[in-house]
Each structure stands twice: as C-alpha cells, then as structure tokens.
Amino acid sequence: MKKVLAILLAGMMTATAFAGCGGSGDASSSGGSSNASGGSSAKASGGKVDEAMFGDETDITLKVWAPDKGVSLAKQHIEEFKKMYPNIKFKKIDVVAQGEGEAATQLVNDPNKAADVFSFPSDQLNKLDAAKCLSPVSKAFIEDVTATNAESTVKAATLKDSKSKEDVLYAYPETNDNGYYLVYDKKVVSDDNAKTLEGILKACKDAKKEFVMDCGNGFYSCTFAFTAGAVIDGFEEDNETQKFKEYDEDEAVDTLMAFAKLMKEYKGTWKSQDPAQIASGFKNGTLGAGVDGSWNSVADKETLGNDFGATKLPTINVNGKDKQLISMFGYKYLGVNAKTKFPRTAHILAYYLASEKCQQDRAEKLGWGPSNTKVSETEFVKNDVTLQAIAAQSQNAVAQVNIQGTFWQAMGTLGNEMMKDGWKPDDKAATKKLLETTISDVRDEG
Amino acid sequence: MIKSYKARRIISNTLIYIILAIMCLIWVSPFAYLLLHSFRGEGYVTVNYLIPHEFTFKNYIDLFLGTGGDASINFPRWFLNTLVVAIFSCVISTISVLAVSYSLSRLRFGARKKLMNVGMILGMFPGFMTMIAMYYLLDAMHLTRTLVALVICYSCGAGLGFQISKGFFDTIPRALDEAATIDGANKNQIFWKIILPMSKPIVVYTVLTSFIGPWCDFILAKIIMGDDRANYTVAIGLQAMTTNEFIQAYYKQYLAGSVCVAVPITILFLRMQKYYVEGVTAGGVKG
C-alpha cells in the first residue's frame, strides 16, 4: 500500500514538473511549423488564406478568449470563419468570456488550459513574451498585417527575440484605442473651452462643477511627465532600466510648475479621483469634465446624451505657449498561445479576427477603435465622436509597451506630490528635485 | 478632585460611552454603507453622500434574474456553486475533524504524539504557500476548474485542525467510555452514541468554521477556477464584478451581492449561536 502511494505521489510530482510555461523550445517551433506551411503559395490578404495552410490539422478544437461585451460578436465571426473553409473539419471552437485585464495572468498561470487565441492589451506583451507564451505571427501573414494596420500598433508588438536578436512580430493588432481622452458636458464646457486645460477648469469652476483627472494613478499622471518632455523610450541596453528620451530640463520643470499652479488655483474643482466615478459624476450633476478611458465611454455617453462631448486631451499654457498634453496609449492585440495544439488554425483564426472585416464589425457594434488603416478611414469611424477623440489623442501619445514595473508607482507619486496641499507651484528647485526623483525612481537608481 | 462617587461615575461612564460610540460608528459604517447603497437607485459607481436619494430593489432583482447584463455574470449560479461546495466540505470536514480528534484523544497507538506534532507543524505553514503545487496536482488528476477540486481542497486537510476539538474530548471523563465498553460497545459505537451527543458545542463550532470557509476563500478558488466563469464561487464572482470591464454596470449589484452572501452564514450563525461561544471556550480548557 505504502509503495503504491509513494509511486503515485512521485508520478504526480513529475507530471507537475513538466507543466507550466517553461517549455520555451516549442514556442518558436510551433510558430515555425506554421511558417513553413505557408510555403511559396501563401500570400494572405483580407483575412482569407488558402486551405492548404491548415496542413494536416483536422478535428480542430480551439478556445478563444474575448471580453464579455465581445463574446457574441466573436461567436458570429467564428461561424463565418468556419463557413470560409468548408473542407476543413472543425470539431469545436469555443468562445469564453475573459476580461483582457487578466488575460496574461490567466495564460501564464496555466497555458495548457488557457485559450488558443486571446485578446490582450499591449502592456501585457512583455510579460507574455518573458513567459514564452506567445507564438509569433506566422511569416505568411506578416506582410499583410504590417501593411493594413497602423504603423504604431505593429511597431509596439515587435520585440527583439532574446536569442537571435531579430525583430519579431508577436501579435495581431486588434484595436488602436486603449487610452484616455477628454469627456465633457457640453452644457458646462463649450467646445472652445475644451481645447485648453485652463479653459476647462475655468468653465467648471464658474459653473461650480468638478473636473476629474486621476493624479495618483501612474497610468494617468504620467501625462504630466510626458507633457513636460520626459518621455519613455523602451529599455536601456540591459533590457531592464527604463530609457527616457533627451529633454530640456528647464522646460520640463516649467511645464510641471504650470500644472501645479492650475491644481492650486483650481483646488476643489480639479479632483483626483478614479475615472470610474466620472459617469456617476455626470449623472449627479457634480461634474463638468473629466479625463476618462475608452472603456467607460458607453456609460458616459448614455448619461450625457446630446450633451456628451469628447475630444483629445487639452493643451496647457507654459510660458505663453500652448502645449499639447501627451498621454499614455495602448493597443489591443490578438495573440496565439504558444502551447496551442492547432498552431496553424489558431494563427489563421487570429489573422481573420484581426482582419479589416472583423475590425469594422467591432467598431460599429462595440465601439472599439480600429487599428486597421482602412477601417479608420470609413464614414462610420469618422463620424463617431469618441472614436475620433481617441484617434486624435493617439497622435499625441506614448505607446504603452516596454514599461518597467517601477514606472507606475513613481509617476503616481509625482501626481500626488503636486496635488498635495502644501506643494508650492512656484518653487523651482523643489519641482526640479521632484522630477529628478521621479525619473530616478522609474529607473530604479534610488 | 471630584469628591462625589456618583459624579465621578457619571463622568467616567459618559467618557466610556462616547469612546465606545465612536468606535462603534467606525466599525458599523462600512456595513451601513454596504446595506444602504445596495438599495441605491441612482448613479453608477460611488456617490459622494451617505444616504441614497432613491431606494429600490432593482439591484437585487437584476442580480438574481440577470436582467440587462452580460451573460457571464451569473450570480445565482455562483451562489449555488458556493452553497454546494460549502455544504459538502462542511459535512466532510466536520466528520473528519471529529474523527481525528476522537482517535487522538481516546486511542493509544504508536507515533500518536509524533503525528500530533507533525499536524501542528504543518498547520503553521500559511495555506497559500502550497497553492501552486496544489493546482498542478489537481491538474494531473484533471480536476482543475471543477467544484470537486474545491471540496477536496477545503475538506481533505481539515483533519489537521483537530486541536480544539481534541481538547474538548479530553474533558469528557474516560469513565464514560469505560462504562460503555463494559456494556459491550466498541470504539465506533462509543464515538457516535456516547461522545458525539455530549459534544454539541464543539460539533457546532466545527460546522460553522468549515461552512464559512468556502464563502470567504478567494485566492485558492481564483487559481483553481481560472477562466471558467460558470464554476466561480461568490468571492471571485463578486471580485469580477468590480473589474474595469464591469464596474460601471455592476457596482450596485456587487453591493447587493455582498449583502446576499451574508445571508446563509447569518442564518446558520443565529441558529447555532448559543453553542458557539461554549464550543470555543470549552475546547481551550485543556489542550
């Protein structure tokens, strides 16, 4: 009896040793096999490929992760996908609801049980890459994906392979909208006022309403540093330390001082609160404007109805010059799990789901901002206020990729310090020191 | 300074009551907020006042009927899941805890002391240290993302928590066992017919603690369930409602859900309350 037990236990231990994300070897090989399958005939375009590309895969079983709101549309797309390839035998393609915010965590926890094709935001790319959980985009698709999607989205998903040092495209761009922008109540803030931060704050104060921008959360408060010129630019040679672009320190300090001055001048109007509060604020009538994320736009729009205004972030006046606020901006991608049992089909499906047609559907039905350049030019997208605001802000934004974990806390502290009661906006030395501390905290040099 | 005893007493009592009232207010306010705002009709997420302007049952109705929401938020299902897991793990772990305690208290066998020490030491490791290992063991048995896995995790190690009930059994005179043995009862009969009827407080205590566990556990359930929303328990389900994706539409339902979770535990507690205190203190007399 004891012996049986011991063997059983030992067996389980070995089984667990093989599980997990560790199997890095086959990550690239599965990608490779699907590349090879493309062969010479493969010239994919428009989401459709030659059936030969499926290779010998049959009785295909796949799992797709989509956020809740997108599940029914994804199911519809998959039905269409199956119809496109009548000679391929699909056993079952499931769509499971999984919030994008947790996609990487869930995937890394147990890649064998995770989805084969999944949607994730750009900031999880490094994590997924480090865990070797992503199967790179098939060579057959690279050309088409690169040509049809906005350059920034493709660039952000291109990482250097740790071994070969070559650029590898790791995922299929899905959206170009994961950021924040200005929403305002047209009754309070006029379209003209919405162009400058000063104008917004004044209009809000005059109407005794609040303006919400979260200064304690690095995702939003990095706007201060970015606008000041301290823009991140990937990693240093060591692949760990955050790199900043060169910037003019005097100007950066002046910009931060301008922000702090407005915070002080409009104390009580400028509230540092979670953007999840913004829709409530509009509903209660306490809010005039706010910096809100694209994921909340439906609620904001519902609340304000015809008074809903959305535009890119405003400008701020620094030494008489209007400076555009620079924000953090991310994208969403469709990734293929490196552990998938049907790599060829998974890639073909991801390619289809990221295609122009699917992006068009998502823009119209879910309001997701497309990364596909053709879809961005369509009438529908052009006429959608929110999508236009997002698109405009994306021109003034830093991509949310290659960001070190130390970044968020340090940027949050920067915002909090400036928002603090005792902070003196005119104190040049203190502001300079604050900026230096922030940057050295991000670079973890403390 | 103040001579009169009465005046001194009044002053000190007032002070004490003021302090207690403040502490009580602080302690009660989250619950009051939860309850009040679970009936709030207006607004989306939080509002900057305490008393809602508009009271409604809509949040509760929406929560249980799932009207106007996303398909994967299914609170009734989660509630049922948790209830089933709680009942099963409660029954299994109660029996196993009591059986272990009884045998350690009454039977004499080799390595008894050593086993008790090992149990004690194992109990000192924080539970989440083994969670990843547990996940992969369950995975090897193809049990992840199932409710069975939760029942196994919650109840199989329960026997290690024998200390308090063993202490209680130790206080029951051995003479009773001996008398029963003379009358022809075996150990099994003694346990069920003599000891258990006399140990109501400790049985109740064990039932309560093992029933509450599944309702409160978050980390383990989260790891085991992964993306299978249909098998979520209330703890992870409620957390899912507060993620970016859902918070706008579900915050008020989340508050309502938090109130509902308290219901089964409260009912069980009220019914068994009078034994509870007795059980905790009785076990501590002799360890």
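**Figure 1. Where chain A meets chain B.** In this predicted model, 27 residues of chain A are in contact with 24 residues of chain B. Four elements of chain A each supply at least two residues of the side that touches chain B: α1 (2-18), β2 (90-97), α4 (103-109) and α11 (278-284). The largest share comes from α11(A), which gives four residues. By class, the side of chain A that touches chain B holds 12 nonpolar, 10 polar and five charged residues.

**Figure 2. Chain B, a chain of helices.** How many helices and strands does chain B have? The count is 13 helices and zero strands. Along the sequence, the pattern is α-α-α-α-α-α-α-α-α-α-α-α-α. The radius of gyration of chain B is 24 Å, while the globule rule gives 19 Å for 287 residues. The value for chain B is well over that of the rule, so chain B is more spread out than a compact globule. The C-alpha trace of chain B spans about 75 × 70 × 35 Å along its principal axes. Of the 287 residues of chain B, 33% count as buried. Now take the contacts in chain B with a separation of 6 or more: residues 24 or more positions apart account for 73% of them.

**Figure 3. The two domains of chain B.** Domain 1 of chain B covers 5-56, and domain 2 of chain B covers 75-283. Their C-alpha centres lie 33 Å apart. Where the two domains touch, seven residues of domain 1 of chain B are in contact with eight residues of domain 2 of chain B. On the side of domain 1 of chain B that touches domain 2 of chain B, four residues are nonpolar, two are polar and one is charged.

**Figure 4. The two domains of chain A.** Each domain of chain A is listed as two segments: 26-176 + 330-394 for domain 1, and 178-329 + 398-442 for domain 2. Taken over C-alpha atoms, the centres of domain 1 and domain 2 of chain A are separated by 32 Å. Between these domains, 20 residues of domain 1 of chain A are in contact with 17 residues of domain 2 of chain A.

**Figure 5. A closer look at the domain 1 side in chain A.** Which elements give two or more residues to the side of domain 1 of chain A that touches domain 2 of chain A? They are α5 (125-130), α7 (151-156), β15 (327-336) and α17 (385-394) of chain A. With seven residues, α17(A) gives the most to this side. By class, this side of domain 1 of chain A has eight nonpolar, 10 polar and two charged residues.

**Figure 6. Backbone detail at D444(A).** Most residues other than glycine have a negative phi. D444(A) has a positive phi, near 60°. Where does D444(A) lie? Its place is the segment after α19 (428-442) of chain A. Is D444(A) buried or partly exposed? With 14 other C-beta atoms within 10 Å, D444(A) is partly exposed.

**Figure 7. Backbone detail at R145(B).** R145(B) is a residue other than glycine, and its phi is positive, near 65°. The residue sits in the loop between α5 (131-140) and α6 (147-156) of chain B. How many other C-beta atoms lie within 10 Å of R145(B)? There are 17, so R145(B) is partly exposed.

Terms used: Residues are numbered from 1 along each chain as its sequence is written. Chains are lettered from A and ligands numbered from 1 in the order in which they are written. This is a predicted model: local features need pLDDT of at least 70, side-chain atom pairs count only at pLDDT 80 or more; totals for chains, interfaces and linings use all residues. Ala, Val, Leu, Ile, Met, Phe, Trp, Tyr, Cys and Pro count as nonpolar, Asp, Glu, Lys and Arg as charged, and the others, Gly among them, as polar. The radius of gyration is taken over C-alpha atoms; the globule rule is 2.2 Å times the number of residues to the power 0.38. A residue is buried if 20 or more other C-beta atoms lie within 10 Å of its own, exposed if 12 or fewer, and partly exposed in between; C-beta atoms are placed from the backbone. Domain bounds come from an automatic or database domain assignment.
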